[in-house]
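Take a look at the fold below.

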Amino acid sequence: MRTAKAVELLNALSHESRLRIFRMLVVAGPQGLSVGSIRARAKIPAATLTAQLNLLRAADLVLDERDGRVIRVRANFNRMTALVDFLTENCCRDPALCAPTVCAPATPSKPQSKPTSKRSSR
């Protein structure tokens, strides 16, 4: 992948809504999600969703497929893999540097505990 293409893809993902939509589609897997389901889950207006999906489509990060009256959108896993490969190609020349980080499954983040206030009883 050329640097200019990587910049284009990263730019397409550089908005909170677009990144959330793309990650949602990655989790959905190859079957993708209907546009209506994406809108309901992302909780954004239809016109905004259309604009965000169009930017992801232009970068070839998502693919559409008509299923009767429903349009299903899915992540373009080939494009995503190419971007990840581009981002990690230099560090992965020495697997000891990044392989455990890049290849290891993500660890779930610990829930933030709320600070407890200790009141003195006098």
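What follows is a short walk through a predicted model.

Start with helix H1, residues 3-12. Ala6, Leu9 and Ala12 are its buried residues. Viewed down the axis of H1, these buried residues fall within an arc of 125°, so they line one face of the helix. On the other side of H1, the exposed residues are Thr3, Ala4, Val7 and Asn11. What covers the buried residues? Helices take part: H2 (16-28), H4 (46-58) and H5 (77-88) are included in the cover over the buried residues of H1.

Turn next to the strands. E2 spans residues 62-67 and E3 spans residues 70-75. The two pair in the antiparallel sense, over six bridges.

The largest nonpolar core has 22 residues. Which of them touch the most other members? They are Ile21, Leu25, Ile38, Leu56 and Leu61. H1, H2, helix H3 (35-42), H4 and E3 are the elements that give two or more residues to this core. H2 supplies the largest share, five residues.

Finish at isoleucine 21, one of the core residues that touch the most other members. Set aside its neighbours within four places in sequence. Isoleucine 21 is then in contact with Ile38, Ala42, Ile44, Leu49, Gln52, Leu53 and Leu56. Among these contacts, Ile38 and Leu56 also belong to the group that touches the most other core members.

Key:
Residues numbered from 1 in each chain as written. Predicted model: local features only at pLDDT ≥ 70, side-chain atom pairs only at ≥ 80, totals over all residues. Heavy atoms only, no water. Buried < 20%, exposed > 50% of the residue type's maximum accessible area, 1.4 Å probe, protein only. Helix = DSSP H or I, 4+ residues; strand = E, 2+ residues; numbered from the N terminus. Arc of directions from axis to C-beta. Contact = heavy atoms within 4.5 Å. Pairing = 2+ DSSP bridges. Core = buried A, V, L, I, M, F, W, Y, C linked by side-chain atoms within 4.5 Å.
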